[in-house]
Amino acid sequence: MVTAVRHLGPNWYAAVMGTAAVATAGAGLPVHVPGLRTACTAVWALSLVLLLALLAARALHWTHHRDQARAHLLDPATAPFYGCLAMALLAVGGGAITVGRDWIGGEAAVVLDAVLFSAGTAVGLAAAVAVPYLMAVRHRAEPSQATPVWLLPLVAPMVSAALGPLLVPHLPPGQARETLLLACFAMFGLSLLGTLLMLPLVFARLVTGGPLPLALTPTLCLVLGPLGQSTTAVGMFADVAPGALPAPYSDGFDVLAVLYGVPVMGFALLWAGLATAHVLRARRHGMGFTMTWWAFTFPVGTCVTGAEALARHTGLVVYEGLAVGLYGVLVGAWTVAAVRTAHGLLNGTLLAAPRTAPAAPRPVTARTTSGAVH
């Protein structure tokens, strides 16, 4: 067991995030499907088991393979995945209140969420500072290395912002509720502005450097994370603000939910189309399964919850339909990723040491100095 976890990186927490997303997004759908909530609760329970197993495995990794753990921190391609630990804790915690309370009870769900939210927020804020710091002073990353993975530590506080409001009604009225809600709003701003700084680097790399390597192509879907999660967050702010803030601030959040959420969801759909085109191209060129396929799950789940929030605050059927359609995509992507991951664990390929790919020229079109392609 100790040897098996040597190459178990922080990217594995993405499986927990994606599983929890299936549960929470399904519970908020604006349609009634018999048995759906029970299924979502079962999926949440699976995400909790996965989280506990990964926490134990990663503890073994840090205890017995500190050289490899240090190498992960000093690797610009791996260090950003430490944001996934925070998001896994937060996603499972939020799911406890959303669906887990059906099985473990309301009081236990609140306690579990409070613990996981506190731990996940602390880890997320630390990663949002530490990883960019390491990138600046130790990693020495080149512009050509920019990928959507760089967004991960910056998205973690947005997950806190979106899920923190679930705890607001369980706090005493007054200072406690207002403090938590405004703290979530502050993390919303922290993450949003950080994303706006990083995303241009990623897009510039894509436009000037050509398509990402095949194995990294699914990470284009990671851009949907801050877009869908921020739309979810402003919707959650509007849901709980009347019981936490005085007017006119509570009314302002209701306006923000629509005026911010609608255009951002529009951009999310644009990016989803772009990412889909790149993924289809990569599949034609032989893209095989890697753990990056989990990028098809949690980010899409945030768009589902974002569409659900817009449906609540606009009353438009189109957003209800969008939420249902995206949830179908989420479930399909989760099923494929889960099956392929289980198969990779059974045959040992996913926990094996990474192989160095042979250097080869890229078989892509050339660009002239004028930007023409031939």
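The second largest pocket has a volume of about 500 Å³, a volume being the space filled by probe spheres set on grid points joined across faces, edges and corners. A pocket here is an open set of points on a 1 Å grid over the protein atoms alone, where a 1.4 Å probe fits, with protein on both sides within 12 Å along at least five of seven lines. This is a predicted model, in which local features need pLDDT of at least 70 and side-chain atom pairs count only at pLDDT 80 or more, while totals for chains, interfaces and linings use all residues. Residues are numbered from 1 along each chain as its sequence is written, and side-chain values use heavy atoms, with hydrogens and water left out.

**Pocket lining**

- The lining of the second largest pocket holds 25 residues, lining residues being those with an atom within 4 Å of a point, and Thr24, Thr98, Leu166, Met236 and Thr305 lie nearest the pocket's centre.
- Two or more lining residues come from each of α1 (13-27), α4 (82-104), α6 (152-163), α8 (224-240) and α10 (298-314), helices being DSSP runs of H or I with at least four residues.
- The most is given by α10, with 6 residues.

**Packing of α6 and α7**

- The axes of α6 and helix α7 (residues 175-209) come within 8 Å and cross at roughly 150 degrees, axes being lines fitted to C-alpha atoms over the stretch in contact, with angles from 0 to 180 degrees between N-to-C directions.
- The two helices are therefore roughly antiparallel, a term for angles over 145 degrees.

Technical notes
Parallel < 35°, antiparallel > 145°, perpendicular 65-115°, else oblique.
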